[in-house]
Amino acid sequence: MTKESLRRVCKETKGCYVTPHLNDILYLHYKGYAKIENLDEYTGLKCLWLESNGISCIENLGAQLELRSLYLHHNLISCIENLDHLRHLDTLNLSHNNLHQLQNLGSLPSLNTLNVSHNRLRAAEDVQELRRCASLGVLDVSHNALEEPAVLDVLAGMPSLRVLTLTGNPVIKAIPHYRKAVTLACKNLTYLDARPVFDRDRRCAEAW
């Protein structure tokens, strides 16, 4: 990810500018990059696409203070780090990586949407960090290895959770009356596994 290659991408991409700081979106997906670097001049970015590269570490985003959306899915990332300064980050996609534990997310005050599907999360302890995500409303943890019913206690402790996707995890079979139990535990839930949670559903769960 050299300065020259970044400028070349901007020149070849419709809607992007050769002058780095003028860009509010940068498409760097499917480029074969192994490392995030040389983005210091791209200070105006609000959306950064880094999907499907060979990136193993989240780093060198110190100049992207205005970033709202960060797409890092289909990489080799095993640790969530170096994001504390992204005070405006709303959307983070880390699906299809190598995460065994969620960490360092509670310091992102604006985080609303998180996708960590298709990773290696297994125990309730692996997702405890979600309790610290006060503004997180949309969560996709599908197709991990979550198996402990205690995961539900973590989800219940998320004050803003509205949309949840848990499909593809063994925990679904480990929680009796799964849909009713999750609806009852997560008071603000409006969608569960791509199906709406209607007021009637909640009333039935409460009666149950």
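Strands β6 and β7 (residues 163-165) of the predicted model pair in the parallel sense over 3 bridges; two strands are taken to pair if DSSP finds at least two bridges between them. Strands (E, at least two residues) and helices (H or I, at least four) are DSSP runs, numbered from the N terminus. Within this pairing, Asp 140 stands opposite Thr 165 in β7. The two strands belong to an open sheet of 9 strands with mixed pairing, in the order β1-β2-β3-β4-β5-β6-β7-β8-β9. The edges of the sheet are formed by β1 and by β9 (195-196), each of which pairs on one side only. In general, strands of a sheet pair through backbone hydrogen bonds, either parallel or antiparallel.

Residues are numbered from 1 along each chain as its sequence is written. Because the model is predicted, local features need pLDDT of at least 70 and side-chain atom pairs count only at pLDDT 80 or more, while totals for chains, interfaces and linings use all residues; side-chain values use heavy atoms, with hydrogens and water left out.

A search of the whole structure returned 1 aromatic pair. Trp 49 and Tyr 71 are stacked, with 4.0 Å centre to centre and 15° between the planes. Trp 49 lies in strand β2 (residues 47-49) and Tyr 71 in strand β3 (residues 69-71), so the pair ties together parts that are 22 residues apart in sequence. Rings of Phe, Tyr and Trp (its six-membered ring) are counted as a pair if their centres lie within 6.5 Å; planes under 30 degrees apart count as stacked, over 60 as edge-to-face and the rest as tilted. Trp 49 is partly exposed at 22% relative accessibility, whereas Tyr 71, at 17%, counts as buried. The accessibility classes are buried (under 20% relative accessible area), exposed (over 50%) and partly exposed (in between), computed with a 1.4 Å probe on protein chains only.

The structure holds 4 salt bridges, a salt bridge being a side-chain nitrogen of Lys or Arg within 4 Å of a carboxyl oxygen of Asp or Glu. One of these joins Glu 41 to Arg 7, with the closest N and O atoms 3.2 Å apart.

Another salt bridge links Arg 122 and Glu 147, whose closest N and O atoms are 3.9 Å apart. Here Arg 122 is in the loop between β5 (113-115) and β6 (138-140) and Glu 147 in the loop between β6 and α2 (151-156), so the pair ties together parts that are 25 residues apart in sequence. Both members are partly exposed, Arg 122 with a relative accessible area of 45% and Glu 147 with 37%. A salt bridge is also found between Arg 68 and Glu 66, with a closest N to O distance of 3.1 Å. Arg 68 is partly exposed at 30% relative accessibility, as is Glu 66 at 33%.

Helix α1 also contains Ser 5, which is buried with a relative accessible area of 9%. A polar atom of the Ser 5 side chain lies 2.9 Å from the backbone oxygen of Thr 2. Polar contacts are pairs of N or O atoms within 3.5 Å; within protein, one atom must be able to donate a hydrogen and the other to accept it, and residues adjacent in sequence count only if both atoms are side-chain atoms.

The loop between α1 and β1 includes Cys 16, a buried residue with a relative accessible area of 13%. Cys 16 touches Cys 10, Asn 23, Ile 25 and Tyr 27, not counting residues up to four places away in sequence; contact means heavy atoms within 4.5 Å. The C-alpha atoms of Cys 16 and Tyr 27 are 9.1 Å apart in space, and the two residues are 11 apart in sequence.

Positive phi values were computed for two asparagines, Asn 38 and Asn 60. Phi of Asn 38 is near 60°; this residue is in the loop between β1 and β2 and is partly exposed, with a relative accessible area of 31%. Asn 60 has a phi of about 60°, is found in the loop between β2 and β3 and counts as partly exposed at 37% relative accessibility.
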